[in-house]
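Thank you all for coming. I would like to walk slowly through one structure with you, so please keep it open while I talk.

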Amino acid sequence: MAIGQLTISNLHKHYNTFRAVEDVNLSVPPGSFLSLLGPSGCGKTTTLRMIAGFIHPTIGEIEVDGEVVSSADFVLPAEKRQMGMVFQSYAVWPHMSVFENVAYGLRTRRTADAELKRRVNEAIEIVGLKGQEQKFSSQLSGGQQQRVALARAVVTEPRILLLDEPLSNLDAKLRESMRIELKRLQRKLGITAIFVTHNQEEALLLSDQIAVMSQGRVIELCGPHDLYEKPRTRMVAEFVGLSNIIPGSVTAIRGNFATLETPIGKIESLAPHLASDEKPDGRFALLVRPESIELWQDPGEGRHRGRIVEALYNGNIIDYLVKLEAGDLSLRIQQFAPQRHADGDTIFVGIPKNGITVVEDYATKI
């Protein structure tokens, strides 16, 4: 039977009148990768620390493989949960060699020497540090120290691997390579991973499921593709990736389609998440990602005349800000095409129907 099933039910954490975590409910299948995504103060790290056993919940339960490990009345000590933790600061002991850092958890469990050596060497090889066993942390780069922390976390064969923004202290190039290594390691071990991050790109690249948190709550939970392509709310659409929000009001909902009146005219979009019998009340807007918009030099059906306010070269893409003549609306547009348009050029903008998503438009911000 697969191990590492995590179930969180009605989880709350209150500090007097401050509610750090409110009614979090999650089910994480064995071997999957879940990211808790959100800005500082949203409750993601508090949730992770309750999973680890460092913080007691005020209300609710946490189960691992059907066993309650946390509740308002009972908290299984962190060292008995069979979980591995990787911290943002690495927490690699400077007075120990790579081998001894990785072996520490096994030594506290009084693992036999032969078994300890086998497992430590295997973990060191998995993270790509073979040959570095006798080096001290002062002799290692930041990326190597993070690999030591990963090896130390997995050598005890935990049921769940907990990762608290482990890549945030690395430079951009190293962070990119470590993302790939982290996903490779998680897949190779088949371990359940819970990853805390404020970086949307990391969450999209690594995760099977992403829980977006705001003000202590999970406000959206889905796979990376749906989170980016089909977010349900404006606040998530604006938090994950670049977005254009076209304001409007719903004039009709027919089956899976909604029609909105916008500053650039009526636009129909697929909107299966809206109930067909829901009364339109103006709580919706249209999301259009910058890469979904087309630029044309000539007018045509469904195209909107505009002027390029700014064109920014960014290597493999050109980032345009286009001001439309209709509706006093400005759009961010990204193009890979080799043809470049200059500031001040008149242009015609096309918005394909399959590039539009209807989102709920609430005032709350992430």
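I will speak about aromatic rings, then a sheet, and then pockets.

Please bear in mind that this is a predicted model, in which local features need a pLDDT of at least 70 and side-chain atom pairs count only at pLDDT 80 or more, while totals for chains, interfaces and linings use all residues. Residues are numbered from 1 along each chain as its sequence is written, and side-chain values use heavy atoms, with hydrogens and water left out.

Let me begin with the rings. How many aromatic pairs does a search of the whole structure find? The search gives two, where rings of Phe, Tyr and Trp (its six-membered ring) pair if their centres lie within 6.5 Å, and planes under 30 degrees apart count as stacked, over 60 as edge-to-face and the rest as tilted. The ring centres of F33 and F195 are 5.7 Å apart and the planes stand at 55°, so this pair is tilted. F33 sits in strand β3 and F195 in strand β8, 162 residues apart, so that the pair links distant parts of the chain; strands here are DSSP runs (E, at least two residues), helices are runs of H or I with at least four, and both are numbered from the N terminus.

W93 is partly exposed at 28%, and Y104 is partly exposed at 37%.

Now to the sheet. Three strands form an open, antiparallel sheet in the order β11-β15-β21, where two strands pair if DSSP finds at least two bridges between them. Because β11 and β21 stand at the edges with a single partner strand each, one side of each has no neighbour in the sheet. β11 and β15 pair over four bridges, and P247 stands opposite A285 in β15.

Finally, the pockets. On a 1 Å grid over the protein atoms alone, a cavity is a set of points where a 1.4 Å probe fits but cannot get out, and a pocket is an open set with protein on both sides within 12 Å along at least five of seven lines; lining residues have an atom within 4 Å of a point. The largest pocket is lined by 20 residues, and M83, G84, M85, F87 and R109 lie nearest its centre.

Methods
Buried means under 20% relative accessible area, exposed over 50%, partly exposed in between (1.4 Å probe, protein chains only).
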